[in-house]
Amino acid sequence: MNRPARLTIAALTASAALLLTACGSGGGGDSSSDDIKGAGTAGGASSPSPSASASRDGVKRPEITLPKEFQADFENWTNSDPKLQAILNDGREELRSEYAAVIEADVNSEAVAFYNSEATLPSAHKWIKQFVDDDETLIGKVSVFNPKVLISDSGSGALFYCVDERQASTKDRKTGKIVKTPDKPENVIQYRTRLDKTSQGVWKLTSVNVVPGACSR
């Protein structure tokens with residue numbers, strides 16, 4: 001997809017730096033998260049990507065729907081630790097909310113605001129607005145894989161994951177012109193995020209750094 005990498009809003013915690021070591025600079029998943037206390041590597045079959053339940057853990061979350069023309073496949077997005085799974089769930093929905101906002105041309109998406117903190121919401125709005133201003137939508141598929149997650153001593157969550165955008169494209173809403181994402185290593189991207197749990201029980205994004213080419217597939 002034609003889009004600039006989102007900028008870091010706040011420094012990742014020391015635990016997140018340790019998590020990067022666990023992920024490996026190449027993002028290939030060869031390093032074991034067992035080397036870090038509290039780190040979780042998702043496992044099992046590919047998890048489904050429908051909208052989050054509005055009643056999950058008693059918190060009313062926004063329902064997010066992606067059209068058939070665009071798929072976001074989250075691979076191995078499960079963890080046996082319920083606390084780490086909660087971070088995976090909200091981290092997944094934050095990303096899905098941004099894709100949905102682009103497709104719906106909704107810069108002020110309530111779902112995006114729900115999953116972003118005041119620190120990261122401006123960059124999310126800017127990212128979405130660039131598509132809206134260009135009158136573009138998203139089609140095709142992205143694969144989200146190799147999630148690494150932990151909770152730091154301070155209680156913050158660190159979630160790193162990879163996104164393969166090479167099967168996704170942008171589509172001009174008026175002309176129908178499709179621009180395919182180049183099949184290049186830099187379009188397999190690593191997201192390095194920090195999330196903090198609100199008093200309502202939602203893991204909101206508080207820091208994000210997007211690194212093109214940091215993952216291998």
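1. Start with helix α4. At 1.5 Å a residue, its 13 residues should span 18 Å, and the C-alpha atoms at its ends are 18 Å apart, so expectation and model agree. The model itself is predicted. The buried residues of α4 are Leu-121, Ser-123, Ala-124, Trp-127, Ile-128 and Phe-131. Their cover includes α2, α3, β3 and β4. After the helix comes Asp-135, with a positive phi near 60°.

2. Overall fold. The chain has four helices and seven strands. In sequence order the pattern reads α-β-β-α-α-α-β-β-β-β-β. Of the 217 residues, 50% are buried. Take contacts between residues at least 6 apart in sequence: 71% of them join residues at least 24 apart. The exposed surface comes to about 10,100 Å², and carbon and sulfur atoms supply 50% of that area.

3. Helix α2. This helix runs over residues 82–103. Its 22 residues should span 32 Å at 1.5 Å a residue; the end C-alpha atoms lie 31 Å apart, which agrees. The helix is mostly covered, with 19 of the 22 residues buried. Asp-81 caps the N-terminal end: one of its side-chain oxygens sits 2.9 Å from the backbone nitrogen of Lys-83. Past the other end, just after α2, Ala-105 adopts a positive phi of about 55°.

4. The nonpolar core. Which residues have the most contacts inside the largest nonpolar core? They are Phe-70 and Tyr-99, in a core of 41 residues. At least two core residues come from each of β2, α2, α3 (110–115), α4 (121–133), β3, β4 (157–172), β6 (188–197) and β7 (203–212). Helix α2 gives the largest share, nine residues. As general background, nonpolar side chains in soluble globular proteins tend to be buried together.

5. A charged pair inside α2. Arg-96 and Glu-93 form a salt bridge through their side chains, at 2.9 Å from N to O. Both belong to α2, three residues apart, or about one turn of the helix. In general, an α-helix has 3.6 residues a turn, so residues three or four places apart point the same way. Is this pair buried or exposed? Arg-96 has a relative accessible area of 1%, so this residue counts as buried. Glu-93 is buried too, at 0%. The cut-off for buried is under 20%.

6. A polar atom of its side chain lies 3.2 Å from the backbone oxygen of Ile-64. Glu-63 is in the loop between β1 (40–41) and β2 (70–74). With 62% relative accessibility, Glu-63 counts as exposed. Glu-63 and Ser-97 are 34 residues apart in sequence, yet their C-alpha atoms are 9.1 Å apart in space.

7. The structure holds 11 salt bridges. One of them pairs Asp-73 with Lys-141, where the closest N and O atoms are 3.8 Å apart. Asp-73 lies in β2 and Lys-141 in β3 (residues 136–151), so this pair ties together parts 68 residues apart in sequence. Asp-73 is partly exposed, at 25% relative accessible area. Lys-141 is also partly exposed, at 24%. The general rule behind such pairs is that side chains of opposite charge can pair when their charged atoms come close.

8. Asp-196 pairs with Arg-194, and their closest N and O atoms are 3.4 Å apart. Both ends are partly exposed: Asp-196 has a relative accessible area of 22%, and Arg-194 has 23%. A network is present too: salt bridges with shared partners join Glu-75, Asp-164, Arg-166, Asp-183 and Arg-217.

9. What to look at on screen. View α2 with its buried residues, 19 of 22. Then view the Arg-96 and Glu-93 bridge, together with the Ile-64 backbone oxygen beside the Arg-96 side chain. Finish with the bridge from Asp-73 to Lys-141, which joins β2 to β3.

Technical notes
Residues are numbered from 1 along each chain as its sequence is written. This is a predicted model: local features need pLDDT of at least 70, side-chain atom pairs count only at pLDDT 80 or more; totals for chains, interfaces and linings use all residues. Side-chain values use heavy atoms; hydrogens and water are left out. Buried means under 20% relative accessible area, exposed over 50%, partly exposed in between (1.4 Å probe, protein chains only). Contact means heavy atoms within 4.5 Å. Accessible areas come from the Shrake-Rupley method with a 1.4 Å probe; for residues, only the protein chains shown count as cover. A salt bridge is a side-chain nitrogen of Lys or Arg within 4 Å of a carboxyl oxygen of Asp or Glu. A nonpolar core is a set of buried Ala, Val, Leu, Ile, Met, Phe, Trp, Tyr and Cys residues joined through side-chain atoms within 4.5 Å. A polar contact is a pair of N or O atoms within 3.5 Å; within protein, one must be able to donate a hydrogen and the other to accept it, and residues adjacent in sequence count only if both atoms are side-chain atoms. The expected span of a helix is 1.5 Å times one less than its number of residues.
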